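Please work through each task before reading its solution.

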Amino acid sequence: NGRLVAVSLTPVGDLRWLCFLAIIIFVATALTARYLSRTYLRSYFVFSRARIPTMEEALRQGEGQHVEFKRGLSPDETKSAAVEDELLKTIAAFANSGDGVIFVGIDDNGRVKGLDLDFGKKDRFERKVLQLVRNRIRPTPPVQITFHEPHGVPVACIAVARGEAPAYLLSGVIYYRHGSSDVQAQPEDLQRLILEYAY
């Protein structure tokens, strides 16, 4: 019928070795996919099911169980450590007590003051906050930073989702959210926090 069929008798390898190689490739691919999904996709799915208040809802309701307002981060080195500690306490408290958001650039009365941030300063602000979280809170909670410009002034929104860890510690201390306050957990609080929020 005009077709030509060619058969090669040159050995390409032992069948057992080919099966072993296929298994090795499959396992390596599965482990790589698992690592990438845990590293990059986990925070996306955590935040997709988290209930984070919008800025409009936060301004309407004020500070509470899931909302915190911060005027800003102090440029003064002598004061910045105390301001950073307060910010990290709130992040750790939200991580232990369900989802929450910190609006930096809004004072305690809910007035939008904004931050003096251009494009480069926004990037430095985000990197500074994420580095503080990675260095001081164990394990690192899921944190997402975005910027909004109500009234033409930038406001940073630091969203914190409840992760998979039983508890998040800031310098060895567990904080949780009680109303609009960040409270140090006592031994009797720990079981309730873990049962209510971790599982």
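**Exercise 1.** Is K128 buried, partly exposed or exposed?

Solution. The model is a predicted one, in which local features need pLDDT of at least 70 and side-chain atom pairs count only at pLDDT 80 or more, whereas totals for chains, interfaces and linings use all residues. Residues are numbered from 1 along each chain as its sequence is written, and side-chain values use heavy atoms, with hydrogens and water left out. Buried means under 20% relative accessible area and exposed over 50%, with partly exposed in between (1.4 Å probe, protein chains only). K128 has a relative accessibility of 35% and therefore counts as partly exposed.

**Exercise 2.** Which residue forms a salt bridge with K128, and where do the two partners lie?

Solution. A salt bridge is a side-chain nitrogen of Lys or Arg within 4 Å of a carboxyl oxygen of Asp or Glu. The partner of K128 is E84, with the closest N and O atoms 3.1 Å apart. This pair links distant parts of the chain, since E84 belongs to helix 3 (residues 77–96) and K128 to helix 4 (residues 119–136), 44 residues apart; helices are DSSP runs of H or I with at least four residues, strands are runs of E with at least two, and both are numbered from the N terminus. E84 is buried, at a relative accessible area of 14%.

**Exercise 3.** Which residue forms a salt bridge with R111?

Solution. R111 pairs with D107, the closest N and O atoms being 3.2 Å apart. R111 is partly exposed at 46% relative accessible area, whereas D107 is buried at 10%.
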